[in-house]
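Hi everyone, thanks for making time this morning. Let me put the structure up, and then we can walk through it together.

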Amino acid sequence: MIELFDVTKRFGSETAVDGISLRVEKGEFCALVGTSGCGKSTTLRMINRLIEHSEGEIHLEGQPVRSFNEESLRRRIGYAIQNTGLFPHWTVARNIGLVPRLLKWPKARILDRVEELMGLLGLPVEEFSRKYPHQLSGGQAQRVGVARALAADPDILLMDEPFGALDPITRETLQGELRDLQARLHKTIVFVTHDMDEALALADRLVVMHQGRIVQQGRPIDLLRNPVDDFVESLLGGMDRGLKEAALTRVSERMMSFGPRLLASERVSYDASLSQALSVMLWHRVDRLTVVDDEDIPIGELSLRRLLGARSS
Amino acid sequence: MSGASHTSTLHRYLAGGWALFLTRWSVPLIWLILLLLLTFGMSHMEGVFRLVEPDTREVIYRRTSFAALLGQHLLVVGVASLLAILLGVGAAIAVTRPAGRDFQPMVAQLASIGQTFPPVAVLALAVPALGFGTLPIIVALLLYGLLPIVRNTLAGLSGIDAGVREAARGMGMTGGQILRQVELPLAAPVILAGIRTSVTINIATAAIGATVGASNLGDPIISGIVNGNTAYIVQGAVLIGLLAITIDSLFDRLQRHRPLST
């Protein structure tokens, strides 16, 4: 659990972060979003003390971060950044094993852990362990970066736009992998991004920052429905908010059992989002879709009326 | 990671050991052999130098053996360079730490001044304080050789990707660990290039030490100038040149030797 109480950071006369309070529960995926220069990155880096806060208190599991030794604090917090920061003169395996080595784990345990993580992140050990960072693609390097952050099995993970420099397809793949990883590992994650779709896709909680303050925070769906002001509304996509909200709901949540009519000719997977279903309807100019399971077997249907349906909560 | 393939590399290395060693180090080795041949064979080459100085009675410099002069030369350059490396790399590291950052412009300036100051002038100033002999020339070479080392160490350290430093800190490495495990290995090629420049320049510059009584390969040159004996000058100059080339090719080999990326 991470708690910020009235935290302020000043650089000279400039206030980068202005009295923010925030509580990230254990196992929660919290995304800090906002335009560049809003203080989200500074906030993140104050948690592991890469930047010292000027005022207020930051607590980790109920203890002020200043009560820890700087280095040992950072060793128990995973950290992943945009350009990976992999050491160019170290192999992939050595890069991943960095924090366990700093913590003086026995060699055999480090080796096991590195191989386990490479498996977890889809990096075959034989192919990658002896490669150097410059031999990796952007996506592979970022996987190594995430593996390194997870190496000592920290409870908390700080991620500063980790997928910001990747192409859209790789980015989406890695977002999916991170979501699956989080479903298994239940880390407490603070994730900084300016990509709203990324934040909506990953976060349990959105924290919108503007000019060093938190403007609004809450579940993504709540922010989409009730933005407090025009800034949050435009950040969330303005007129596109409807589609972004639809992207948060699965077809399976809205589908009905078969009606008396014939099966609709166009199909959609039960796992697709409502925005994808809507797109299929628009494309084929139909108002009814057959919902199929993973084996392409019809399991129900979805009508436009049902898709638009009454809001559930 | 894979112990098996590691040992096989080792086996291959041992099997082809000498052949590999010789091909890798062949260039510096050839220059070294040439240098040693001339150092010990110079006194038997009277015929050759007679062509240069047909009218002089003595054409081979015999006051001290060339081997002793070479040893003295190496000692002076070695001590001066070692001190310059310790001082230069140390100062550059100190001013790139958070605590010493304010002194960076000053140190860069001082090193520049050290090189604009002619070594001859340093000698002239140092002799009254330190007396005749080897000490003044070591001081002069130290000052003269500092700049390339300081400048390259600063360049090497500041050229490291900011993300790498940020990650190193974020992972919980201490300042010392970052310096030893990340910064110095990454800056090493650039630092080595600076040391190479410094040492090579100093091998040539050390010759002027002969003017203040430091006996080294500059002796035959100075003596040749004083007595109008071109043969002496050639003997000293050729050996200094060969020594510089040998050491330079040694550094060249060291810089190319990157066991990491092979």
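Let's begin with a pair of helices in chain B. H11(B) crosses H12(B) in the left-handed sense. As a reminder, this is a predicted model.

Now for another pair, H6(B) and H8(B). Helix H6 runs over residues 104–116 of chain B and helix H8 over residues 134–158; their axes are 7 Å apart and the packing angle is about 145 degrees. H6(B) passes H8(B) in a left-handed crossing. On the H6(B) side, the contact residues are B:Val107, B:Ala108, B:Ala111, B:Ser112, B:Gly114 and B:Gln115, while H8(B) brings B:Leu143, B:Tyr144, B:Leu146, B:Leu147, B:Val150, B:Arg151 and B:Leu154.

Let's bring in the annotations, which come from an unreviewed UniProt entry. That entry lists a "domain: ABC transmembrane type-1" at residues 70–251 of chain B. In the model, this span is 81% helix and 0% strand, and its end C-alpha atoms lie 19 Å apart.

The entry also marks "transmembrane region" over residues 29–52, 73–96, 116–144, 186–212 and 232–251 of chain B. Let me pick out two of those. Residues 29–52 of chain B are 83% helix and 0% strand, with end C-alpha atoms 29 Å apart. Residues 232–251 of chain B are 100% helix and 0% strand, and their end C-alpha atoms are 29 Å apart.

Finally, how many residues bring the two chains together? On chain B, 16 residues are in contact with 21 residues of chain A. Helix H9 (162–170) and helix H10 (175–205) of chain B each give at least two residues to that side, and the largest share, six residues, comes from H9(B). The chain B side divides into nine nonpolar, five polar and two charged residues.

Thanks, everyone, and I'm happy to go back to any of these views.

Methods: Residues are numbered from 1 along each chain as its sequence is written. Chains are lettered from A and ligands numbered from 1 in the order in which they are written. This is a predicted model: local features need pLDDT of at least 70, side-chain atom pairs count only at pLDDT 80 or more; totals for chains, interfaces and linings use all residues. Two residues are in contact if their C-beta atoms, placed from the backbone, lie within 7 Å. Helices (H or I, at least four residues) and strands (E, at least two) are DSSP runs, numbered from the N terminus. Ala, Val, Leu, Ile, Met, Phe, Trp, Tyr, Cys and Pro count as nonpolar, Asp, Glu, Lys and Arg as charged, and the others, Gly among them, as polar. UniProt positions are given in the numbering used here, feature names are shortened, and annotations may be inferred rather than shown by experiment. Axes are lines fitted to C-alpha atoms, for helices over the stretch in contact, and angles run from 0 to 180 degrees between N-to-C directions. A crossing is left-handed if the near helix is turned anticlockwise from the far one by less than a right angle, and right-handed if clockwise.
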